[in-house]
Amino acid sequence: MKVKETNNAAETKFLGYELGLLLKDESHIVILLDGELGAGKTTFTQGLADGLGIKQIVNSPTFTIMKKYLTPDKSRSLYHLDLYRLHEAGSDFDLEEYIDGSGIVVIEWPFQVEEFMPKEYIKISIKVENETKRIFTLECFGYPCKKAMSFI
Ligand code: ADP
Ligand code: MG
């Protein structure tokens, strides 16, 4: 487990960027992002996308549940999921397809998904301390994230 503090959105993006760099060569990993509205889940994901080499602008997938991004050479993909409105999507949305699939999978509002989790995943909880200060708790479940975390 690793605890990191950020004091503005740029620092949160950088933290995501560092993790993105470390996960660059992973073929599949699921990252759960937990934290209240405005905690910085999407901001973190923007940095992570940058670290993966994605050039597209990452924004909130709230109304679409899932957005897919690719690196320019199409070698890596990021699936950005926001489950806040999952109940509205009914049974049409197949969460397990992404959890068991490929690419880097980031899940905002991961309530009720832990039962589906693979052996290896990363859980990041964001606590809002005040308007600009956030506390990130990064937890690794299985390899390879343990190794990745030691560098952050
Ligand atoms: P979420 O996806 O968790 O709802 P967002 O990333 O969309 O949150 O929004 C976070 C908001 O909080 C942004 O407006 C951002 O500028 C602001 N903010 C202030 N301090 C921080 C910080 N330390 N980390 C991330 N965002 C911050
Ligand atoms: Mg968000």
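These legends go with a set of close-up views of one predicted protein model. Residues count from 1 along each chain as its sequence is written, while chains are lettered from A and ligands numbered from 1 in the order in which they are written. Since it is a predicted model, local features need pLDDT of at least 70, side-chain atom pairs count only at pLDDT 80 or more, and totals for chains, interfaces and linings use all residues, with side-chain values taken from heavy atoms, leaving out hydrogens and water.

**View 1. The whole chain, before zooming in.**
The protein chain has five helices and seven strands, where helices (H or I, at least four residues) and strands (E, at least two) are DSSP runs numbered from the N terminus. Read from the N terminus, the order is β-α-β-α-β-β-α-α-β-β-β-α. With a radius of gyration of 14 Å, close to the 15 Å from the globule rule for 152 residues, the chain is as compact as a globular protein of that length. That radius is taken over C-alpha atoms, and the rule is 2.2 Å times the number of residues to the power 0.38. Buried residues make up 45% of the 152; buried means under 20% relative accessible area, exposed over 50%, and partly exposed in between (1.4 Å probe, protein chains only).

**View 2. The largest nonpolar core.**
A nonpolar core here is a set of buried Ala, Val, Leu, Ile, Met, Phe, Trp, Tyr and Cys residues joined through side-chain atoms within 4.5 Å. The largest one holds 25 residues, and L19, I31, L48, L78 and I124 touch the most other members. At least two residues each come from α1 (9-23), β2 (28-34), α2 (41-52), β5 (103-108), β6 (121-128) and β7 (134-141). Helix α2 gives the largest share, four residues. In soluble globular proteins, nonpolar side chains tend to be buried together.

**View 3. Around L78.**
Contact means heavy atoms within 4.5 Å. Setting aside neighbours within four places in sequence, L78 is in contact with T45, L48, A49, L52, I54, K67, K68, Y69, I104 and V106.

L81 sits in strand β4 (residues 77-82) and is buried, at 0% relative accessible area. Beyond residues up to four places away in sequence, L81 touches P61, I65, M66, F93, L95, Y98, V105, V106, I107 and E108. P61 is 20 residues away along the chain, yet the C-alpha atoms of L81 and P61 are separated by 6.5 Å.

**View 4. T42 in helix α2.**
T42 is found in helix α2 and counts as buried, with a relative accessible area of 17%. Neighbours within four places in sequence aside, T42 is in contact with N59, S60, H80 and E108.

**View 5. Two loop residues with positive phi.**
Most residues other than glycine have a negative phi. K74 isn't a glycine, but has a positive phi of about 60°. K74 lies in the loop between β3 (66-70) and β4, and is exposed, with a relative accessible area of 62%. W109 isn't a glycine either, and has a positive phi of about 55°. W109 belongs to the loop between β5 and β6 and, at 15% relative accessibility, counts as buried.
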